[in-house]
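Hi,

Here is the structure I promised to pass on.

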Amino acid sequence: MSGNIVLNGVNYRRPARPVAVVCIDGGDPAYIEQGIRDGIIPNIARFIRDGFSAIAEGTVPSFTCPNNMSLITGAPPAVHGISGNYYLDLATGEAVVMTGPELLRSRTILAEFADAGAKVVSITAKDKLRKQLGKDLDLTRGNISFSSEYADRCTMQENGIENVLELVGMPLPDMYSMELSLFVLEAGIRLLERDRPDLLFLSLTDYIQHKHAPGDAVANEFYRRIDEKFGRLAALGAVVALSADHGMNDKSTPDGKPNVIYLQDILDRKYGKGDTRVICPITDAFVKHHGALGGFVRVWCLGRRATPQSIIDLLQDMPGIAAALDREEACRRFELPPDREGDVVVIGEANVVIGAAESEHDLSGLGDARLRSHGAVTEAKVPFILSRPLNEGYRRRAAAGPIKSHHIFDYAINGVEAEQ
Ligand SMILES: [Zn+2]
């Protein structure tokens with residue numbers, strides 16, 4: 001049938017009705033469980049009851065960029081190439097930010113459908129993701145790609161849309177606010193009403209989850225408000241699919257200080273300065289969220305003293321360390337691209353973050369708040385919720401498990417029951 005696509009070995013049929021996939025950034029399953037208990041998310045509760053719900057396996061490292069790319073390519077980082085926010089380019093010795101579209105090695109489901117004649121909308125909260133999400137998306141034919149961060153400066157040429165603030169009816173949101181995410185959803189709703197696109201990808205930001213635990217008044221307010229928007233998307237006739245890029249855990253000591261292992265300092269004491277280099281692939285410009293501290297770091301052996309095996313031997317039984325793996329094992333276990341992987345991958349326990357050198361981390365932006373962060377295997381469990389029930393074939397597939405979050409488009413497009 002015309003309009004179908006094939007990408008990374010998966011067939012996707014042209015959606016008969018709009019499909020809206022939402023990436024609830026930092027949307028740990030615990031928020032939804034708490035919201036259900038508190039009775040504040042009636043639309044999600046209805047999706048779970050009448051549609052489909054599971055806990056899926058996200059991409060490790062459980063960071064924003066790798067998981068967003070997994071969702072829109074339907075494939076793991078070994079295929080799409082984005083395995084963190086940062087990696088070390090050995091040719092230059094520089095840490096390279098991985099948000100460049102040129103680093104993305106796969107086509108996207110969005111671009112493929114657009115080229116097949118479907119109408120596609122991609123909206124993200126932080127502009128850092130926009131270029132990768134919109135890679136190869138033809139914006140001359142009614143397709144749209146923008147961020148709420150820069151919603152006031154959209155042009156037809158760059159974004160396929162103008163006058164977004166008027167369309168959405170909200171002022172430009174602050175970078176550190178729940179409105180930044182609410183703007184993404186409201187824009188999706190308005191575009192669904194106006195254009196009835198075939199496919200929407202709506203990617204939020206995790207500022208609230210970094211700052212507020214499940215059940216906290218602000219977290220509940222956020223979930224109440226996003227739930228209301230999910231209900232409106234469904235009422236407009238879209239299949240609504242909810243997942244997350246990663247979960248979120250409290251990573252503070254009982255007295256409220258960040259529970260950090262400063263790995264570069266440990267390695268420098270053992271091997272000498274400059275012999276190893278620790279890269280924290282959570283790093284981005286938004287240090288208020290996490291102080292560049294996450295549960296997954298990469299170590300490169302640059303000098304003569306440290307070897308991968310000696311680092312693994314040093315770390316593997318250290319309290320707070322869940323795993324220290326060499327490149328080959330990490331790539332095999334988590335389907336990562338070897339040419340962008342460190343010599344050693346170090347992963348923390350649920351309540352621990354791993355840093356580089358203490359002097360490299362600016363924690364002043366965290367203020368008095370407890371550190372909540374992600375990156376480890378313990379934050380790779382994410383919601384996987386559909387507003388419509390699965391058809392027979394996908395019910396069987398889901399039951400056989402495990403469900404990968406990067407199959408969310410596959411399930412939402414191919415897996416839901418046809419309308420009665
Ligand atoms: Zn995220």
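Predicted model: local features only at pLDDT ≥ 70, side-chain atom pairs only at ≥ 80, totals over all residues.

F52 is buried, with a relative accessible area of 16%; the cut-offs are under 20% for buried, over 50% for exposed and partly exposed in between, with a 1.4 Å probe and protein chains only. Y411 also counts as buried, at 2% relative accessibility. The two rings have their centres 6.3 Å apart and their planes at 20 degrees, so this is a stacked pair. F52 sits in strand β4 (residues 52–57) and Y411 in helix α17 (residues 408–414), so the pair ties together parts that are 359 residues apart in sequence. Ring pairs also bring in F384 and Y394, which make a cluster with F52 and Y411.

Residues are numbered from 1 along each chain as its sequence is written, and side-chain values use heavy atoms, leaving out hydrogens and water. Helices (H or I, at least four residues) and strands (E, at least two) are DSSP runs, numbered from the N terminus. For ring pairs, Phe, Tyr and Trp (its six-membered ring) need centres within 6.5 Å; planes under 30 degrees apart are stacked, over 60 edge-to-face, and the rest tilted.

How many aromatic pairs does that rule give? The count comes to ten. One of them is Y31 with Y223, stacked at 5.3 Å centre to centre and 0 degrees between the planes. This pair links distant parts of the chain, with Y31 in helix α1 (residues 29–38) and Y223 in helix α11, 192 residues apart. Y31 is buried at 3% relative accessible area, and Y223 is buried at 1%.

Now for α11 itself. The helix covers residues 217–235, 19 residues in total, and reaches 27 Å from first C-alpha to last, close to the expected 27 Å (1.5 Å times one less than the number of residues). Its buried residues include F222, Y223, I226, F230 and L233. At the start of α11, a side-chain oxygen of D216 comes within 2.7 Å of the backbone nitrogen of V218. Just after the helix, G237 has a positive phi of about 100 degrees.

R153 has its charged end over the ring of Y150, 3.8 Å from the centre, and R340 lies over the face of Y87 at 5.6 Å.

Cheers

Methods:
Polar contact = N/O pair within 3.5 Å; in protein donor to acceptor, adjacent residues only side chain to side chain. Lys NZ or Arg CZ within 6 Å of the ring centre and 35° of its normal.
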